[in-house]
Amino acid sequence: MYDLIILGGGPAGLSAGIYAARYKLDTILIEKEYFSGGQVLNTWAVENYPGFKEIKGDELAKRMEEQAEHFGLEIKKETVKEVELRGAEKVFKTSKNEYKTKTAILATGSKPRMLNIPGEKEFYGKGVSYCGTCDAPFYKDKVVAVIGGGNTAVDEALYLTKYTKKVYLIHRRDELRADKILQDKAFENPKIELIWNSVAKEIDLVEDDKHVFIHNKKTEEDKKLAVDGVFVFIGYKPNNELFKDQIELNQYGFIRKQKMNSLETNIPGVFAAGDILEKELRQIVIAAGDGAKAAFEANEYIIKHN
Amino acid sequence: MAFQLTEDNFDETINSGKTVLVDFWAEWCAPCKMLNPTIQELEDEMDSEKVTIAKCDIQNQQALATKYGIMSIPSILIFKEGEVKEQIIGVVPKQDIKEKLKPYID
């Protein structure tokens with residue numbers, strides 16, 4: 001039986017892994033993708049992680065993984081199918097193996113939210129995209145819409161201006177949620193046109209009449225906007241499918257914090273870290289902080305219960 | 001390493017009589033890198049007499065990307081007798097790709 005199993009290999013899980021390995025806990029981290037890093041992998045440039053003025057997302061992820069492995073963390077690239085967290089012995093079943101552990105850290109993160117409007121699924125990969133850094137080069141001298149107003153949306157809008165002729169940044173409120181430094185960059189960029197108080201209603205990217213219908217919530221007006229592509233960055237939803245019946249979640253599906261100063265979930269010995277946890281701000285540095293704290297708490301739990 | 005397609009060998013390959021899976025990718029695309037090992041495993045597991053697993057670097061082969069309407073990567077096209085039969089977009093599990101390939105192999 002392991003001391004600790006960490007579920008998820010993003011910054012929260014890898015940071016927990018670094019700390020757990022240094023505590024000499026008998027630990028494995030289970031990550032379903034071939035590369036650790038989670039959402040960081042899809043980030044073009046990270047500019048707000050201390051120690052790096054600018055670093056590519058996949059480079060940062062690689063360094064975190066190398067650091068964890070350097071201290072002896074074992075990473076299993078397997079997909080967990082089922083978990084049983086409630087007993088003193090917690091069980092993780094993957095497609096290949098069954099692992100047992102005294103404590104667990106849930107660091108499964110979140111995934112991009114979809115608009116769920118007509119045309120979104122139909123034109124996914126044919127003009128609808130969730131990755132600006134992947135697909136921007138397809139829109140050389142074209143016009144695109146970016147939906148959203150948070151850090152990711154504004155960051156991706158700025159990246160898209162390197163290729164496109166014009167970017168409409170469509171946001172449902174009358175101010176952006178993104179960091180001020182990003183907002184200023186967006187306002188100063190002549191290729192970005194802000195469209196406030198508006199939501200996307202329908203996407204139609206059939207040749208010769210490509211457009212998105214938007215609805216202004218203040219004026220109640222509908223408008224047809226000619227665009228070649230639509231990039232969607234409207235936030236994230238929690239990856240809670242594996243444990244939603246066992247772990248207490250908040251109304252949005254994120255793991256509920258039970259106590260101010262603890263990352264322990266409603267189940268003793270099970271901790272949560274990173275984006276999966278209910279919080280005001282989801283950032284790499286915070287996920288890493290959570291990971292450290294969760295590993296510390298798991299270590300304390302093991303000492304107390306041995 | 002999967003077979004690399006260019007404008008020079010693309011048509012010849014998709015008309016070879018075999019089923020052909022083409023993974024459109026680029027160096028700057030992180031999800032493409034995540035899909036890479038899956039493509040490698042498919043190549044190892046599939047019968048090479050029946051199916052060709054190939055890759056197309058869209059940075060050097062923009063004309064091919066345009067021709068097949070690729071607007072998002074990673075994107076997989078499955079060809080049979082020179083025609084596009086299926087398109088799979090994004091990082092998907094190996095099993096899903098196998099399911100899509102199945103009708104064109106037996």
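What percentage of the 106 residues of chain B count as buried? Here are some friendly notes on that and on a few other points.

1. **Ground rules.** This is a predicted model, in which local features need pLDDT of at least 70 and side-chain atom pairs count only at pLDDT 80 or more, while totals for chains, interfaces and linings use all residues. Residues are numbered from 1 along each chain as its sequence is written, chains are lettered from A and ligands numbered from 1 in the order in which they are written, and side-chain values use heavy atoms, with hydrogens and water left out.

2. **Chain B as a fold.** To answer the opening question, 52% of the 106 residues of chain B count as buried (under 20% relative accessible area, with a 1.4 Å probe and protein chains only). Chain B has four helices and five strands, arranged along the sequence as β-α-β-α-β-α-β-β-α. Helices here are DSSP runs of H or I with at least four residues, strands are E runs of at least two, and both are numbered from the N terminus.

3. **Dimensions of chain B.** The C-alpha trace spans about 35 × 30 × 20 Å along its principal axes. Of the contacts in chain B with a separation of 6 or more, 69% are between residues 24 or more positions apart (contact means heavy atoms within 4.5 Å).

4. **The interface.** On chain B, 20 residues are in contact with 19 residues of chain A. The two chains bury about 1700 Å² between them, 63% of it on carbon and sulfur atoms (accessible area lost on being put together, 1.4 Å probe, summed over both). In chain B, Trp28(B), Met34(B) and Met71(B) lose the most area to chain A, together 42% of what that side buries.

5. **The salt bridge.** Between chain B and chain A the count is one salt bridge (a side-chain nitrogen of Lys or Arg within 4 Å of a carboxyl oxygen of Asp or Glu). The side chains involved are those of Lys33(B) and Asp58(A), at 3.2 Å from N to O. Helix H2 (30–45) and strand E5 (83–89) of chain B each supply at least two residues of the side that touches chain A, and H2(B) gives the largest share, seven residues.

6. **A helix in chain A.** Helix H4 (residues 151–160) of chain A is largely enclosed by the rest of the structure, because seven of its ten residues are buried. Among them are Val154(A), Glu156(A) and Tyr159(A).

Terms used: Buried means under 20% relative accessible area, exposed over 50%, partly exposed in between (1.4 Å probe, protein chains only).
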